[in-house]
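The sequence and structure come next.

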Amino acid sequence: MKNIKIEVKDLSLYYGEKKALKEISLEIPRNKVTALIGPSGCGKSTFLRCINRMNDLIPDVKITGQMLVEGIDIYDKNVDVVNIRKKIGMVFQKSNPFPKSIYENVAYGPKINGIKTKNELDEIVETSLRQAAIWDEVKDRLGDSAMGLSGGQQQRLCIARTLAVSPDIILMDEPASALDPISTSKIEELVHELKEQYTIIIVTHNMQQAARTSDYTAFFYLGELIEIGKTNAIFTKPEQKQTEDYITGRFG
Amino acid sequence: MQSKSIIQNPTSKIVYYMTHFEIELEKLKNVIIKIGKLAEIQVSESVKALLSEPIEGKEVKKTENKIDKLDVKIDEICQSIFALQQPVASDLRFIMAAMQISNEIERIGDLAVSVIKRSKNIKDKHDLIAKFEIGDLAKQVELITIKTNECYLTRDENNIGEVFILNRSIKKKSEAAINNIIVEMKSHSKVVVSGTNLVILLKHLERISEHCTNIAEYVHFMVNAKIIKHDKHEDLDL
């Protein structure tokens, strides 16, 4: 793999005594979509949350190894965690807009980052909403509450909110699992378009979604990385039997 | 809930539950085996028609219809699996191979019928067959269809290799026989009609052998995920 954005070296994570991630080493390429798949409890979401240090918020978590983003170990004690999360946005399974207007949801991040002028904010809001493929649906009601949007629209608004602070990397934790097929298809198409500018890592239980949206797929099982490779290869000729059994539904 | 069928291993007493998807795949496999057996019968009948006596056309027609119906059935099963199950990896290869294999088998069936029909129109058939050593070749064509069915059933590399070797031998024998027939036709005009029929018939037999080879190639793809249809078989490690 060339042009590596994230390099993980021997990363292990413990919840107290329990080792939830076991010496994970992998490389995530820049401007590509990497899907993380595996059965529930395999560690894929835990791994995703390691990439922007979200696990720091959980007590009794210990992490060893290295997570190098652009060559910098984000677990180094000199690294500013707020800065990391600015550069690494995250979209969750359940859309979680702020109980504010559509406009305020998107402008919130840039405002915190010090952007004050209305013109500048307007431009960021429009660009972000356009990038998140929701502009046409909300442009005439930017002042309305975000809570009045449908589930699919709320999720795309959350993506717009993530994009508004200009991240490099976007982490998505099952972003379409609670959405109907039309909204799911919009999110998947969006993922495809966003990779031009961002490095995207997506956790999904939906095998077809991983196959449709990603360039690379990593299969996790019991806290271990079993296999990572080009999505086309993983879904046509996986190298490991465990991967084959999982994707063909013959696991366990 | 998925419908399930229970398989019990008699020696280990382990009970394995087949998923609905696995039942569908098993069903598809059984239809392929069935259509393969019918093609084997057709080829065997065509060799009989060529080497010994004319055979009952009614039975051949009946088998041909059965092959056509199963060919359509295979397409329908594959279409349904693609639409409903979204197969991947080995399952995907299995279904892709099934579609191609049924197509090849259907053509084998058609060619066998053509051999039967043409066999009727060859004057002094037995003399010519003996003279141009076609009997051995026809028997090999019968054998290659049996071996092809075996290779689908066992998915064994050795069986695949045997099909390739037989095909080479059939091709060589057919080319030699055709050359000799042409030489004979040039010097004896009275054998031109029978000779031409025999050349066409040999080409049919050659085609049957090639379709068998294609099937072996799809079995290889199914097992090894490698497409070898335009490779030289001599270069393969079989």
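## Helices H6 and H7 of chain B

H6(B) and H7(B) cross in the left-handed sense. This is a predicted model, and the description of this pair, like the rest of the report, is computed from that model. Helix H6 of chain B covers residues 157-187 and helix H7 of chain B covers residues 192-224. The angle at which H6(B) and H7(B) pack is about 165°, and their axes lie 9 Å apart. An angle over 145 degrees counts as roughly antiparallel, so H6(B) is roughly antiparallel to H7(B). The contact of H6(B) with H7(B) is made up, by class, of 16 nonpolar, 8 polar and 7 charged residues.

## Helices H1 and H3 of chain B

A further packed pair in chain B consists of helix H1 (residues 20-51) and helix H3 (residues 89-119). The axes of H1(B) and H3(B) are 9 Å apart, and the packing angle is about 20°. Since angles under 35 degrees count as roughly parallel, H1(B) and H3(B) are therefore roughly parallel to each other. The crossing of H1(B) and H3(B) is left-handed. In the contact of H1(B) with H3(B), 19 residues are nonpolar, 6 are polar and 3 are charged.

## Chain B as a whole

Chain B contains 7 helices and 2 strands. Read from the N terminus, the order of its elements is β-β-α-α-α-α-α-α-α. Along the principal axes, the C-alpha atoms of chain B fill a box of roughly 75 × 45 × 35 Å.

## The four-stranded sheet of chain A

Chain A has an open sheet of 4 strands, ordered E2-E1-E4-E5 and paired in the antiparallel sense. Strand E2 (18-29) and strand E5 (72-73) of chain A each have a single partner strand and stand at the edges, so one side of each has no neighbour in the sheet.

Strand E1 of chain A, residues 4-15, pairs with E2(A) in the antiparallel sense over 8 bridges. Within this pairing, Glu7(A) has Glu27(A) in E2(A) as its bridge partner. Helix H1 (residues 44-51) of chain A packs on the sheet and touches E1, E2 and strand E4 (61-69) of chain A. The direction of this helix makes about 120° with that of E1(A).

## The six-stranded sheet of chain A

Another open sheet in chain A is formed by 6 strands in the order E6-E7-E8-E3-E9-E10, and its pairing is mixed. Strand E6 (88-91) and strand E10 (224-230) of chain A are the edge strands, each pairing on one side only. On average, neighbouring strands of this sheet are turned by 15° against each other, direction ignored.

Strand E7 (residues 169-173) and strand E8 (residues 199-203) of chain A run parallel and are joined by 5 bridges. Leu171(A) has Ile201(A) in E8(A) as its bridge partner. Helix H6 (residues 151-163) of chain A packs on the sheet, where it touches E6 and E7 of chain A. The direction of H6(A) makes about 170° with that of E6(A).

## Contact between the chains

At the interface, 12 residues of chain B are in contact with 9 residues of chain A. About 820 Å² is buried between chain B and chain A, and carbon and sulfur atoms give 49% of this area. Gln86(B), Val88(B) and Ala89(B) supply 46% of the area that chain B buries against chain A, more than any other three residues.

Note on methods: Residues are numbered from 1 along each chain as its sequence is written. Chains are lettered from A and ligands numbered from 1 in the order in which they are written. This is a predicted model: local features need pLDDT of at least 70, side-chain atom pairs count only at pLDDT 80 or more; totals for chains, interfaces and linings use all residues. Side-chain values use heavy atoms; hydrogens and water are left out. Two strands pair if DSSP finds at least two bridges between them. Contact means heavy atoms within 4.5 Å. Axes are lines fitted to C-alpha atoms, for helices over the stretch in contact, and angles run from 0 to 180 degrees between N-to-C directions. Angles under 35 degrees count as roughly parallel, over 145 as roughly antiparallel, 65 to 115 as roughly perpendicular and the rest as oblique. A crossing is left-handed if the near helix is turned anticlockwise from the far one by less than a right angle, and right-handed if clockwise. Ala, Val, Leu, Ile, Met, Phe, Trp, Tyr, Cys and Pro count as nonpolar, Asp, Glu, Lys and Arg as charged, and the others, Gly among them, as polar. Buried area is the accessible area (1.4 Å probe) that two parts lose on being put together, summed over both.
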